[in-house]
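Student: Before we discuss the terms used for this fold, could you show me the sequence and the structure, so that each label can be set against its definition?

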Amino acid sequence: MPNREIPLFERLEVETQSHCNRSCWFCPRVHDRTGAYLNRSGEPVVQQMASEKVLDILDQAASLSFAGGVSFYFYSEALLDKRNLFFAREARKRGMKPYLHTNGDALKNNSALIDSVCEVYEYVVVGIYDYQTDPELELAKDFWRQKMPHCDLRFSTIRDGPAGSVRSMGTPRALVPTDQRFNVPDFTYRNAPCHRPLIRLILRHDGQMCMCCEDMRADFDLGNVHESTLEELWFSDRHVALVKDLIAGHREKYALCRNCPLPPSGPAIEGTRFTINRRNYVGQS
């Protein structure tokens, strides 16, 4: 029987394909050489999850009485998948709330796609990464507000500017080489509580379950949706034990968590600076 010591996930993240049209300096996929997103030569790996499997995942979630948020990306651009709107509509049919994270490139010159996106999605988060100054950021936001006046529109912003200009704390950084453009240092919190893995069930494009946004390589080896059901993956003894450990503040037990720069999800605990360079990351198993 599944271990029901933790509640069901609040959000379901199903990455339906592996590709992204951008190579953002702050994104872990740029440094991947494992074959998950880039091969050892740095070339993109292009792979889709079968449509039948995506629908099966949605059916499984519905059978668990899941009615939360659903998205169709992880470290990829969701709108590069031509099936994206179909999947979002299917999620809505099953009583779920689809939401979209996008870099916006596919939307800029496609008013029909904008109308469809605004119709089916609960809200849309547009990533803005091409600005240098605060006025440029506001102009970019105004551009999208005018393009998508009928959407619940939100923004994820990271400035590609001088040293110390990036204010975001929400950017996955445990597998990204230290970069002085980040305003906030690469601190770690080895004994700090973390509730984040309790919120989302993340499925990579190849079916691997990932612990959190830092677990791009599926290092926790939580299983694959092609071999196990959603219920078996989420309530597995291993996943439940990991979640309980992290809620209790035992980041020190897991290599990825020891290097995770996200702050505690409870009372603040003083952090320690860490540094990762490209040589240490590329090709790491």
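Predicted model: local features only at pLDDT ≥ 70, side-chain atom pairs only at ≥ 80, totals over all residues.

Tutor: In helix 2, which spans residues 84-93, the buried residues are Asn84, Leu85, Phe87, Ala88, Glu90 and Ala91. The elements that cover these buried residues include helix 1, strand 2 (69-71), strand 3 (97-98) and helix 3. Just after helix 2, glycine 95 takes a positive phi of about 85°.

Student: What makes helix 2 roughly parallel to helix 3?

Tutor: The axes of helix 2 and helix 3 come within 10 Å and cross at roughly 20°. Angles under 35 degrees count as roughly parallel, and therefore helix 2 is described as roughly parallel to helix 3. On the helix 2 side the contact is made by Leu85, Ala88, Arg89 and Arg92, and on the helix 3 side by Leu113, Ser116, Val117, Glu119 and Val120. As for handedness, helix 2 passes helix 3 in a left-handed crossing.

**Buried positions and cores**

Student: Why is valine 117 counted as buried?

Tutor: The cut-off for buried is under 20% relative accessible area, and valine 117 has 0% relative accessibility, so valine 117 counts as buried. Valine 117 lies in helix 3, residues 111-120, and, not counting residues up to four places away in sequence, touches Leu79, Leu85, Leu100, Leu107, Val124 and Met148.

Student: Which residues have the most contacts inside the largest nonpolar core?

Tutor: They are Leu12, Val117 and Met148, in a core that has 61 residues. Helix 3 gives the most to this core, with 5 residues. A second, separate core of 18 residues includes Phe182, Ile202, Cys210 and Ala218. As a general background, nonpolar side chains tend to be buried together in soluble globular proteins. To return to leucine 12, its contacts, leaving aside neighbours within four places in sequence, are Ile57, Leu58, Ala61, Phe66, Gly69, Val70, Ser71 and Leu201.

Student: Why does threonine 16 count as buried?

Tutor: Threonine 16 lies in the loop between strand 1 (11-14) and helix 1 (51-63). Its relative accessibility is 0%, so threonine 16 counts as buried, the cut-off being under 20%. Not counting residues up to four places away in sequence, threonine 16 touches Gln47, Gln48, Met49, Val54, Phe72, Asp81, Arg83 and Phe87.

**The sheet**

Student: In what order do the strands of the open sheet stand, and what is the pairing?

Tutor: The 5 strands form an open sheet in the order 3-2-1-8-9, and the pairing is mixed. Strand 3 and strand 9 (209-210) stand at the edges, because each has a single partner strand, so that one side of each is left without a neighbour in the sheet.

Student: How do you know that strand 1 and strand 8 pair, and which sense does strand 8 adopt with strand 9?

Tutor: Pairing requires at least two bridges, and strand 1 and strand 8 are joined over 4 bridges in the parallel sense. Within that pairing, glutamate 13 stands opposite isoleucine 202 in strand 8. Strand 8 and strand 9 are joined by 2 bridges and run antiparallel, with isoleucine 202 opposite cysteine 210 in strand 9. Strand 8 and strand 9 form a hairpin with 5 residues between them, and glycine 207 in the turn has a positive phi of about 95°. Strand 2 and strand 3 are also joined by 2 bridges, and they run parallel; the bridge partner of valine 70 in strand 3 is proline 98.

Student: What shows that both faces of strand 8 are covered?

Tutor: Arg200 and Ile202 on one side, and Leu201 and Leu203 on the other, are all buried. Helix 1 lies across strand 1, strand 2 and strand 8 (200-203), running at about 170° to strand 1.

**Helix 6**

Student: Which residues of helix 6 are buried, and what do they pack against?

Tutor: In helix 6, residues 237-247, the buried residues are His239, Val240, Leu242, Val243, Asp245 and Leu246. These buried residues pack against strand 9, helix 5 (230-234) and helix 7 (255-258). Helix 6 is followed by glycine 249, whose phi is positive, near 95°.

Note on methods
Residues numbered from 1 in each chain as written. Heavy atoms only, no water. Buried < 20%, exposed > 50% of the residue type's maximum accessible area, 1.4 Å probe, protein only. Contact = heavy atoms within 4.5 Å. Core = buried A, V, L, I, M, F, W, Y, C linked by side-chain atoms within 4.5 Å. Axes fitted to C-alpha atoms, helices over the stretch in contact; angles between N-to-C directions. Parallel < 35°, antiparallel > 145°, perpendicular 65-115°, else oblique. Left-handed = near helix turned anticlockwise from the far one by under 90°.
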